[in-house]
Amino acid sequence: MDYKTNLQKWLDFGKYDQNIAKELSSITDEKELEDRFYTELSFGTAGMRGKIGMGTNRINVYVVARATQGLAQYLLKEDPANAEKGVAIAYDSRHFSKEFAQVSAQVLAANGINAYLYDSLRPVPVLSFTVRHLKTAAGIVITASHNTKIYNGYKVYGPDGGQITEAVAAGVVEQIHTVTDYFSVKLAADNDPHIITVPKEVDDAYIEAVKGVAKANPGSDLKIIYTPLHGSGNIPVRRVLKELGYQNVKVVPEQEKPDGDFPTVKKPNPEEKAVFDLAIAMAEKEGADIIFGTDPDADRLGVCCHKPDGSYAVLTGNQTGGLLVDYMLKSRDWPDNKAIVKTIVTSEFGSVIAKSYGAAVYNVLTGFKYIGEKMTQWKASGEHTFVMGYEESYGALAGDYARDKDAVVASALVVEMAQYYKEKGMTLYDALQALYKKFGYFLETIQSIELDGIEGKAQIAKIMDAFRAKHFDHFADAKLVTFNDYQSRVSTDVATGETSPIDLPVSNVLKFIFDEDSWYVIRPSGTEPKIKIYYSVKGKSPEDAEAKLAEIKEAVNANLPK
């Protein structure tokens, strides 16, 4: 079916929904209309994420209702008892998040499934906790994480509190495809008895769970500046820190209130240094010891700390992760089977630190659900004791109460760590430099190439095919030693040509590993129309690492197909 046929169906329904009629009739760009209707917004293992707007390739109440109907059918098909167990639903501060959450609840209720709906915005990790605490059959979060204001998303969680597996996602998609008419999905009334407000005791239980992971510091003199970046972290982060004993916490006033326009930033992403401009200016006036910020759904944490010259350094996710690995392993008593989990695109910085403490290190595919899967496996088998899991994209989790990254517990642990070093006359920056001096100077960056539309999809495939077929074998003084193709699940020893299986799920990702802990990874984004290239190098000095990073980037880009 071509895009014009799909477009006409929506225009016809516009007689009943003036929002459709008004929005679509105002679009004169044929390419824009084609992009909205040439395909359906894909539902992957992380759910859906897309631009807000009318159309099959946009996120709107009809696309959300159809996806929820598919989820409802899947749950009832798997086990009729899932109706009573229900589905927990949370949402963040983005445009239409509340509306999409409400529609999801109404669809579930119309199918006789209990919908446990929060009455106001909550962080993603709270939803993960809620699924486990209420023992629901599934969970839904309405969020587009750190994307710009034009995006929103729909994520589905399994009964363990982690994002659904590939097999479950395939089953949900199969049911979604049976719903051929976007406008026929039935909705229950707002006051349907199957729609249940999540009780306050769940919030209290979540806060207690987070506090159980971090150490209290009553009477702490640490000066803290925090920004929730107009999102959902403000209330839980401040409550946790207050109850742990941190009294000197100040919030950036311009970024405190939830606002889906994110008016003070181009992108509400703690990976972007510019989001901390207001916080740094405030910290300079207040003489703050530490600055940190959470993204709109409060699953990612960005951290700033003092440098020797008095300015503030903005740490990367790899740096914060490495610091936390070191601190968690030396500040707690762990059994011999202790282990950390990181993603394959996360620096080896944390790995070498963990191994120095005798901890095992496991690498998983990009996506925190894979870290959650390891946690669940180890909980059942006792093979390892989970210390923490983290990824380069500023997500971390410690504790066993959730199965997704949690910036609330990460905030508590980073503040605890800052207090620990302050008592030793050090900043987090000082601690980081000490680790670099001991283990080598690690440096990382990400290159994102945006490729929109039909042509963009074709170019992404062309790039992946080109690197899968041919790749360079050295840069600077580093030699390629291993080539991992996670789509074929084969690891190749470059020197001998010998292959071995990769015990991870199939994923369209390529990783090229050089000696001395340097590597690069190429993968299409799972949520945006872009291809991502991750680089990580280790040098003997900061200057050596900078030079190596420049050389590996130059080599990769020279091999990109035109």
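Mentor: Residues are numbered from 1 along each chain as its sequence is written, and side-chain values use heavy atoms, with hydrogens and water left out. As the model is predicted, local features need pLDDT of at least 70 and side-chain atom pairs count only at pLDDT 80 or more, while totals for chains, interfaces and linings use all residues.

Trainee: Happy to start! Is S525 buried or exposed?

Mentor: S525 sits in the loop between β22 (518-524) and β23 (530-539); strands are DSSP runs of E, at least two residues, and helices are runs of H or I, at least four, numbered from the N terminus. Buried means under 20% relative accessible area, exposed over 50% and partly exposed in between, with a 1.4 Å probe and protein chains only. At 14% relative accessibility, S525 is therefore buried.

Trainee: Nice. How are α9 and α10 oriented to each other?

Mentor: Helix α9 (residues 200-211) packs against helix α10 (residues 234-244) at about 55°, with the axes 10 Å apart. Axes are lines fitted to C-alpha atoms, for helices over the stretch in contact, and angles run from 0 to 180 degrees between N-to-C directions. Under 35 degrees counts as roughly parallel, over 145 as roughly antiparallel, 65 to 115 as roughly perpendicular and the rest as oblique. So α9 and α10 are oblique.

Trainee: And which residue in β20 is the bridge partner of S491?

Mentor: Good one! Strands pair if DSSP finds at least two bridges between them, and β19 and β20 (residues 499-501) run antiparallel, joined by 3 bridges. In β20, the partner of S491 is S500.
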